[in-house]
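Biologist: Before we discuss the fold, please put the model on the screen.

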Amino acid sequence: MLREEEDTRPYECDGLTAYRQVPMVVALPETEEQVQRVLQTCTAMGVPVVPRGAGTGLSGGALPPGNGVLLSMAKFMRIVRVDSRARVAVAQPGVRNAAISEAAAPYGLYYAPDPSSQIACTIGGNVAENSGGVHCLKYGLTVHNVVRVRGFTMSGEAIELGSEAPDAPGYDLLALAIGSEGMLIVVTEVAVKLLPKPQCARVIMASFDDVGKAGQAVADVIAAGIIPAGLEMMDQPATRAVEQFVGAGYDLQAAAILLCESDGTPEEVEDEIARMQAVLERSGAARMTVSRDEAERLRFWSGRKAAFPAVGRISPDYYCMDGTIPRKRLGEILQFIAQMEAKYGLRCPNVFHAGDGNLHPLILFDANDADELRRTELFAAEVLEKCIEVGGTITGEHGVGVEKINQMCVQFQPDELEMFQAVKAAFDPARLLNPGKAVPTLARCAEYGRMHVRGGKLPHAELPRF
Amino acid sequence: MSLQTLQERIRDAAGRGAALRLRGGGTKDFYGNTPRGEVLDTRVFSGIVSYEPTELVVTARCGTLLSELDATLAERGQFLPFEPPHFGAGATFGGCIAAGLSGPRRASAGALRDYMLGARLIDGRGHVLGFGGQVMKNVAGYDVSRLLAGSLGTLGLIAEASLKVLPRPPSELTLRFEMPEERAIEALNRWAGQPLPISASAWHDGELHVRLSGAAPAVRAAAEKMGGERTGEEAFWTAIREHTAPFFGGPEPLWRIAVPPPTARLCLAGNQLIEWGGGLRWLTSDASPHTVREAALRAKGHATLFRAAAKPAAAFAPLDPVLMRLHRELKAAFDPAGIFNPGRLYAEM
């Protein structure tokens, strides 16, 4: 237990540093019994609990409660077993994402989801956020790669969801828990699927003189029946920032570049790279380079994986968005972002998981300038609401947390938000586990002024409005 | 019939406290506990709402025929990768999602739930609720659409759903091996740990069939490495998926036992057919439900009484008390009057 402010201050925020709150108490349990006792005690006393992994989350999901306990799972860092025959690894939640693949490597296996923060982020946090990564178009998100979790409900009841046998009986509560932002259960053990490591991988770096053409090329690759292992896009402001930082060898003259990867057996990769090159050529790629060896492949990816820190070097602060859109609306949304840059007087490089339509525009600002921060938040809100308008979502993989809670009022109707609250109540009737995150109350939506109104009828007229 | 008509039927039933039996083509009437209630025919709300091959997404209404959907996807060289069983020409899209069943490709491509992107649901109050969407990555709100997969219509009427689809693999072939059961289980688990494009497996009576799918050169190279005899009959896999293969024709109850794939031979009286690289053991047997469920539990798996002339037991493996309480509370949240398919999943709800 940490109580002194000098000890609790490091926990005041996660990767979303704009929101800070020093927790009253930080608990660092080492055993499941201790986790259970913390939860039972807090339930008895009506004290809120916020679970935390490595604190790399980008939406404030681990923002501590001022009047409660921050439950750090950092000491749960043991890999319980790697079962090479069943291709399953069982890990405690504080194990780093990359450490699972390292432990599986001697068996020629790996854990597929690879969020950019994988050297630091924990598997428990990945479960909470349903983390993705640059290879999730082909290999899926956390929800596709976790088979079982064990943990406790807020009241301290032991619970196990999913199974190492396929298709556990009853409702798919595992799917409900994954991506629930630590609001339904506290996870103390995670079993993940391991896949055979592809024998080889090669990546094409393709340059385009127009962002719209690059977007069309993405659709063309998929229309040709190809699911690349990774399909990423960066615009020119992003490649320029990255190139100064890591020297990835990107084409700085291009308006946008695509990274298009193939993995598998050598025969498969050779065949797929040739097919992808033919498609990209027809789609108007101005230049294409295929990685010659593993070192070059990793260098091409290093720029993409370092995009956030690289942007951090050219601006005092940046704000990362996470909307997902149908791929065909890409040109429209990029044009909209360009208009917002002019409207708010802020720059915004774009990196983009193009294959699955997940955008990460990075608004550059200076947090010491109160007006820039205000304009940044308005800019971000407009972009997220545009994502909803074109048929997408406000968050693809970073979560709602505290950051996008207002936009939930735009994306969902009151009946749907009430159903989310009811799901929460089934697991945590006293609403003590990570309260106030991810799902807004209707009162909060009313306050935001964006209550979803259908047919001119204000829903829930009984609620107080202010 | 419009969505409003279905909503009115549901509101009316909720008002009377009358049980509703949600039903499409009735091809899966045998699945789960015995259905009861007034039939609400979901086929009245049908049609493919949108299909964008380059977005890899299809959205359809519950009453759409699964065969129509398959044909539409096939025109563009795409398919539902989890290969859902139809169990009859009348199978509907809504029934497919409510049953949540996946076919031979399950072990490599994933289950139906892995392809759920979004759904529109009519809940027990008659409200139309939308969850998820039509994009690949979406973590806004709890993943309610995946919860609906396999819920057997007990949470509401799945009016519309969006699924991820994939391009059909350019090349497929099937290999046949003579192999006793223990060696087949061993070989399947060894192969699954190697980068081989295995997309289905079935062992029965000393014969193992393995299907390879992918780019032609990769399939050829894998076939050379693995050996065996090439058969190349797609009809073989259709018969496994649709339970028209002779194994499934007997009069004994059919059990579906899910276990961790390396699990050794299950010592149970009766006949077995193994799929999913060892993860699924079909059993036709007159063994007592208790014996079958105990054997599954010992292997850290679970047994479903899949099909039987007269069901001697509950269809699904019982849940522990904490999970059962969560099931009942979720059921109550979606269906406060308890009108949707009562008892179909568990007698308690």
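Biologist: How many helices and strands does chain B have?

Modeller: This is a predicted model, where local features need pLDDT of at least 70, side-chain atom pairs count only at pLDDT 80 or more, and totals for chains, interfaces and linings use all residues. Residues are numbered from 1 along each chain as its sequence is written, chains are lettered from A and ligands numbered from 1 in the order written, and side-chain values use heavy atoms, without hydrogens and water. Helices (H or I, at least four residues) and strands (E, at least two) are DSSP runs, numbered from the N terminus. For chain B this gives ten helices and 17 strands.

Biologist: What radius of gyration does chain B have?

Modeller: The rule for a globule, over C-alpha atoms, is 2.2 Å times the number of residues to the power 0.38. With 349 residues, a compact globule would come near 20 Å, and chain B agrees at 21 Å.

Biologist: Which residues of helix 6 of chain B are buried?

Modeller: Helix 6 of chain B covers residues 181–192. Buried means under 20% relative accessible area (1.4 Å probe, protein chains only). The buried residues of this helix are Glu181(B), Ala184(B), Ile185(B), Ala187(B), Leu188(B), Asn189(B) and Trp191(B).

Biologist: What share of the residues in chain B is buried?

Modeller: The burial in helix 6 has cover that includes strand 10 (171–178) and helix 7 (216–226) of chain B. Over the 349 residues of chain B, the buried share is 63%.

Biologist: What does chain B span along its principal axes?

Modeller: The span is taken on the C-alpha trace of chain B. It is about 60 × 50 × 35 Å.

Methods:
Expected span 1.5 Å × (residues − 1). Buried < 20%, exposed > 50% of the residue type's maximum accessible area, 1.4 Å probe, protein only. Contact = heavy atoms within 4.5 Å.
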